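Trainee: Could you take me through one part of this structure up close? I'd like the sheet, please, strand by strand.

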Amino acid sequence: MKRKLRYLYLELKKTAGIFPRMLLQAILLMAIIGMIAFCGVKGMEREPLAVRADVGVAVREDSRMMRLALAYVENMESVSEVCRFVQVSEEEGRRMLKQGKIIALVILPEQIVEGILNGSNPSVDIVFPSNSGLEAMLFRELAKSGERLLQVAQAQIYGAGDMAEKYGLTDGLSVMETEIDSSNLAFALDRFALYDTKMLSATGRLGLWQFYAASGTVLFLLMAGMALYPVMQKEPKAFTDQLARCGTGAAWQCFSKWLCGVLCMLLFAGMLCLSVYLLLAAGEKKLFRTEEGAAAAWQLRSELAGAGNRLGGMAAVGTALLIVAAVTTFVFMIYSAAGSGTAGIPAIFLLGAAMVYLSGGLVPDVFLPRIVQEIGDKLPTAYLIRAAGGLIAGCSGGTLRQCIGGMSAYTAVFGAAAWLFRKRSV
Amino acid sequence: MDNMIIVSDITSSYGRKQVLKGVSFTAERGECIGIAGANGCGKTTLMSVLAGVRRPKSGTVQYGGRMCRDRRVIREMTGYVPQEDPLIPELSVYDNLRLWYPDRKTLRQELEHGFLNMLGIDGFIGKRVDKLSGGMKKRVSIGIAMAGTPPVLLMDEPGAALDLICKEDIRKYLQAYLAHQGTVVIATHEESELALCDRLYVMKSGVLFPADKTLRGEALTALF
């Protein structure tokens with residue numbers, strides 16, 4: 001055991017000796033990845049798309065009152081933000097619906113305005129296409145909600161009328177109906193209550209900066225693995241044989257090198273967080289010319305400062321350690337399998353970049369083909385990115401457990417494979 | 001004189017290729033055994049088996065009457081100098097030696113008065129291994145093999161790629177070791193190293209047979 005500990009100490013000493021050189025390489029990598037991430041974020045930033053679609057309106061009776069009513073409804077703010085009415089004939093409307101030129105066709109019956117006024121309430125037909133797009137679905141929901149609101153309002157008016165008749169209060173009925181309408185419009189029937197503000201983002205639950213901070217960290221750690229070659233390279237066979245014959249076998253040799261790698265990775269990760277934090281703090285105004293950019297930088301800096309708080313202290317530390325351990329074990333396995341830096345370093349670069357891409361770390365996975373999404377979702381980088389995102393923005397207990405399970409399983413598999421590769425050569 | 005090494009009917013193979021075919025020999029205390037042969041004849045495999053790095057397929061090895069079934073006995077009884085130097089290049093000579101010596105005190109004593117002093121290691125003890133010459137590295141390798149002062153020293157082509165001065169230094173060191181009743185098995189195809197040997201064996205295609213120790217030049221290579 002004494003010799004094993006001495007060997008571990010010497011590996012640590014060796015690592016400390018070559019760490020400055022590795023750190024320089026890691027800084028270079030960080031600069032390159034930082035530039036890629038910055039360009040990626042700038043390229044992804046867009047104004048939110050406004051959903052404004054055409055709705056066909058077929059009027060069976062063309063009267064002045066009808067045109068006035070249509071113009072009133074169309075110019076209501078809640079409607080005009082979502083759609084534009086196009087007056088068409090019924091046949092033309094159905095053809096346009098098939099061609100996808102309109103998202104719905106509203107067919108208004110004859111005497112509709114009079115029907116509303118005298119209480120006969122003739123029904124309006126709304127035709128939706130068989131393959132509804134996002135806009136059609138939105139309009140369908142809007143129509144359904146409107147229908148429900150009208151039902152409630154009508155029930156109130158009729159209920160009030162029946163009650164007034166029952167208790168002989170018909171004299172004040174018209175005043176009561178006006179007051180009910182006013183109250184409904186003022187409190188209960190707020191048309192804007194139909195809309196639920198929901199942010200749709202290609203990066204899912206994470207904001208754009210959070211997303212690239214998470215995937216960038218994983219990519220950086222993987223690429224920093226290239227700098228770890230001097231620590232993780234195989235020692236000369238004569239040396240490992242000599243160690244093995246003295247009782248320090250492949251398992252302990254692997255563990256020692258892996259531990260040195262983990263410590264280096266932890267320092268790299270710490271250095272990355274500190275650099276980004278200081279950079280954002282120093283250059284909030286200068287680096288990001290716009291107020292929005294500065295605000296985003298401030299927000300990201302605050303999130304970095306509070307990273308992990310959302311998960312809770314121990315869970316955050318455990319998750320961060322597991323991320324570092326999983327990446328280091330992956331890198332260690334590649335070097336063990338490759339046997340040399342010439343093969344190992346390019347392999348880490350290519351595999352790392354490919355896995356991050358497939359897991360939606362470079363381009364959000366919603367933009368990738370479904371088959372790629374399915375493959376990418378099972379890769380270790382998917383769990384790593386999710387876990388890093390959880391550290392930055394917090395995540396549910398279920399997601400965290402899934403990430404920890406995935407990362408632990410992959411770490412165990414990579415570790416066993418690395419040990420087998422090394423054992424074969426000892 | 002008693003036998004320090006008894007090797008009986010050792011066989012070893014890489015996959016289907018049998019590399020050692022029933023190798024047997026003995027060596028007495030204070031004796032130097034030379035094993036000569038062409039490249040790829042099985043010398044290094046035999047040395048690996050004797051050093052406990054590789055397990056034989058069949059056969060036995062005894063050191064000082066102790067059957068070598070586990071590595072602990074082999075480790076106690078032998079020092080092994082492989083062809084390549086078993087060193088960590090990024091560390092100093094001292095750190096490399098420190099890994100193999102039980103404590104600092106023993107190492108210091110060896111450096112001041114023992115075999116390490118004889119090897120002249122003290123002169124470059126603080127240097128990084130990757131800054132050393134081939135001869136210096138070989139001396140450190142021998143120094144490592146001598147940790148714990150084992151009674152048997154196994155050397156696999158110690159003079160390969162060394163200059164004449166280094167070879168002469170190592171030869172002097174081996175003479176001193178033999179004078180202290182150490183036993184040496186040396187695998188080589190260099191004639192200068194054979195001069196030290198009390199007995200000579202030639203290995204050909206995994207078979208070991210005794211040869212006249214005075215054979216040199218073409219007369220010797222004709223046996224390979």
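**The sheet up close**

Mentor: Let's start with a pair: strand 1 (residues 53-59) of chain A runs parallel to strand 2 of chain A, and six bridges link them. Before going on, bear in mind that this is a predicted model, where local features need pLDDT of at least 70 and side-chain atom pairs count only at pLDDT 80 or more, while totals for chains, interfaces and linings use all residues. Residues are numbered from 1 along each chain as its sequence is written, with chains lettered from A and ligands numbered from 1 in the order in which they are written.

As for the terms, strands (E, at least two residues) and helices (H or I, at least four) are DSSP runs numbered from the N terminus, and two strands pair if DSSP finds at least two bridges between them. Within the pair we began with, A58(A) sits opposite V88(A) of strand 2 of chain A.

Now widen the view: the sheet in chain A is open, with four strands in the order 2-1-3-4 and mixed pairing. Strand 2 (83-88) and strand 4 (125-127) of chain A each have a single partner strand, so they are the edges, with one side of each lacking a neighbour in the sheet. On average, neighbouring strands here are turned by 25° against each other, direction ignored.

Finally, helix 4 (residues 90-99) of chain A lies across strand 1, strand 2, strand 3 (104-108) and strand 4 of chain A, at about 155° to strand 1 of chain A. Contact here requires C-beta atoms, placed from the backbone, within 7 Å; axes are lines fitted to C-alpha atoms, for helices over the stretch in contact, with angles from 0 to 180 degrees between N-to-C directions.

Terms used:
Contact = placed C-beta atoms within 7 Å.
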